[in-house]
Number of protein chains: 2
Amino acid sequence: MLTISQLAAYAGVTVRAVRHYHQIGLLPEPERDRSGYRRYGAHAVVSLVKIATLADAGVPLAEIADLVRADEATFAAAVGRIDRRLRDEIAKLERSRTSIARLAAGDALLLPPEVVAYLKRLRELGVSGPVIEGERDGWILMAARWPERVRDWMPGKLASLEDPRIVRLYRVLSQLFDTSELDEPLMAEAADLMAALAEEAWQAGQRSIDPAEEDTVPFDLLELLALETDPRAIRMVELMRERGWDGWTRLEKVPPSPGVMR
Amino acid sequence: MLTISQLAAYAGVTVRAVRHYHQIGLLPEPERDRSGYRRYGAHAVVSLVKIATLADAGVPLAEIADLVRADEATFAAAVGRIDRRLRDEIAKLERSRTSIARLAAGDALLLPPEVVAYLKRLRELGVSGPVIEGERDGWILMAARWPERVRDWMPGKLASLEDPRIVRLYRVLSQLFDTSELDEPLMAEAADLMAALAEEAWQAGQRSIDPAEEDTVPFDLLELLALETDPRAIRMVELMRERGWDGWTRLEKVPPSPGVMR
DNA sequence: CTTGACCCTGACGTAGCGTCAGCCCTTCAC
DNA sequence: GTGAAGGGCTGACGCTACGTCAGGGTCAAG
């Protein structure tokens, strides 16, 4: 007769595992000796070896009980189920691994490579940290909802960086948001630049996305993000409104007003 | 501002997951509106998208907090750790899958194919169910401790089935244990056969395994298994002892005695 | 005013054990 | 005889990442 630790050692499992199998009724409780210790015979060893082998093969404990005494059909079905489950788990982990691999290459997991390239270009153009972080977070919002569309947009965005006025705008914004001061003349310059660019896009027929059938939530979040990030963004919205534009990141033409927003 | 379900939907997670992230401090609790509802801004969306993306990539939640604001080296190390962990998990599941595949082919998971072939041969020779089950359980015990050695033994075991006396022995045992009667003359025949075979093996120099340096536990369990399985095995041991052999599955020469065992 | 869709907190459940805590039993050396 | 070591016992909490009630409040629409 064996003690619990001898039994466990024979089957290559821990004592705790054996007690667990007792607890869930997978392995019957054996007789106790006069001091209350469990004493195991050869049948218990055979049972435990079977259990341990199946468990090691990835069979859920709940199914092992049925499995060890099932007929052909039940057995085959169970094996099929288990195999499918394992296959799915493996596939999921494989996907995780490729994601992790992309992680090793920087922002690439959260943003499509095109966006990463765009942000890199901004950095090269001397755009400051805070502005780039705002851009990145904004693109994360967009990419979360429209991963494919964002990729389509990027060539245009990248090309627009050839326009010296746009580069100038980014640099002005950099200067604005890199300190904690409120530089009113500089903000006016930024607003003028943005208004001019918006007007040009408007003339060229580039309206904002049709609000009728579009999901505006990402754009709303974009506005919100800017307002949350820096109180000066509120002032910028005001300045734009004075110039006849509503919004900050997605501009709409409105009658110019000198009023306060909200 | 978003409600919790809008936030969750945007990031593609469940409401419960968001609350869980709050609970473990992964995502900061937002302001509440006057009815106690959580209200989220754009920054929360960005944070949650990051968290969800990393979690989906298989990063443990406990590491995500560090990961989203780690320096280069820490980040690379963490990514390396995570990738290794994923690789190991995949490898384990792959092994499980091959095991499961073997399961689909019968006993093959618990016993080496050679033993399965041996048992199949016994069945062909007309050995009855109970005896085969006893054999199988016995081999499970042996294979659990000595998987390799068992495979080496099998060619000899298989060859021994060419000996008509051994086949006869198996058939007598089948007849004996297939009913619940105690057939004394048949038991005597079985004992005579076993004794003769043991004597022959002994003459041929095939001693039992050297008990000095051997692990006898598997053999002890084998004896125990027989005694547990059927009380008539006790009688068989007595009969063998009268013929000068000790044990039942691993025989040792002893002075013949008509006494009772133990 | 009701109805259905949300929101809240709190708490238990999941799988398979690991790991105490607190106590008993046996054995061995001193 | 007496510690100390090395089992064994039960009971209970911990871990992962949430799912799923239960019991109750809130909001918007018909």
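**Close-up views of the protein chains and DNA strand C**

With 4 residues, α2(A) gives the most to the surface near DNA strand C. The structure shown in all views is a predicted model.

**View 1. Helices beside DNA strand C.** Three helices each supply at least two residues of the surface near DNA strand C: α2 (15-23) of chain A, and α1 (4-11) and α2 (15-23) of chain B. Of these contributors, α2(A) is the one that gives the most. Sorted by class, the surface near DNA strand C has 7 nonpolar, 6 polar and 6 charged residues.

**View 2. The residues nearest to DNA strand C.** There are 19 residues around DNA strand C, and those that come nearest are A:T14, B:T3, B:S5, B:R19 and B:R38. Of the atoms of DNA strand C that come within 4 Å of the protein, 72% belong to sugar and phosphate.

**View 3. Side chains at the phosphates of DNA strand C.** In chain A, the side chain of A:T14 has an N or O atom 2.9 Å from a phosphate oxygen of DNA strand C. For the side chain of B:R32, the distance from an N or O atom to a phosphate oxygen of DNA strand C is 3.0 Å.

**View 4. The contact between chain A and chain B.** Chain A brings 49 residues to the contact, and chain B brings 49 residues. About 4,500 Å² of area is buried between the two chains, and carbon and sulfur atoms give 74% of this area. On the side of chain A, the residues that lose the most area to chain B are A:Y10, A:R97 and A:I100, which together make up 16% of what that side buries.

**View 5. Polar pairs across the interface of chain A and chain B.** The rule finds 8 residue pairs in polar contact across this interface, with both residues at pLDDT 80 or more. For salt bridges between chain A and chain B, the count by the rule is 0.

**View 6. The side of chain A that touches chain B.** In chain A, α3 (42-56), α5 (72-103), α7 (129-145) and α11 (217-229) each supply at least two residues of this side. The most comes from α5(A), with 15 residues. By class, the side of chain A that touches chain B has 31 nonpolar, 7 polar and 11 charged residues.

Definitions and conventions. Residues are numbered from 1 along each chain as its sequence is written. Chains are lettered from A and ligands numbered from 1 in the order in which they are written. This is a predicted model: local features need pLDDT of at least 70, side-chain atom pairs count only at pLDDT 80 or more; totals for chains, interfaces and linings use all residues. Side-chain values use heavy atoms; hydrogens and water are left out. Contact means heavy atoms within 4.5 Å. Buried area is the accessible area (1.4 Å probe) that two parts lose on being put together, summed over both. A salt bridge is a side-chain nitrogen of Lys or Arg within 4 Å of a carboxyl oxygen of Asp or Glu. A polar contact is a pair of N or O atoms within 3.5 Å; within protein, one must be able to donate a hydrogen and the other to accept it, and residues adjacent in sequence count only if both atoms are side-chain atoms. Ala, Val, Leu, Ile, Met, Phe, Trp, Tyr, Cys and Pro count as nonpolar, Asp, Glu, Lys and Arg as charged, and the others, Gly among them, as polar. A residue is near a molecule or strand if one of its heavy atoms lies within 4 Å of it.
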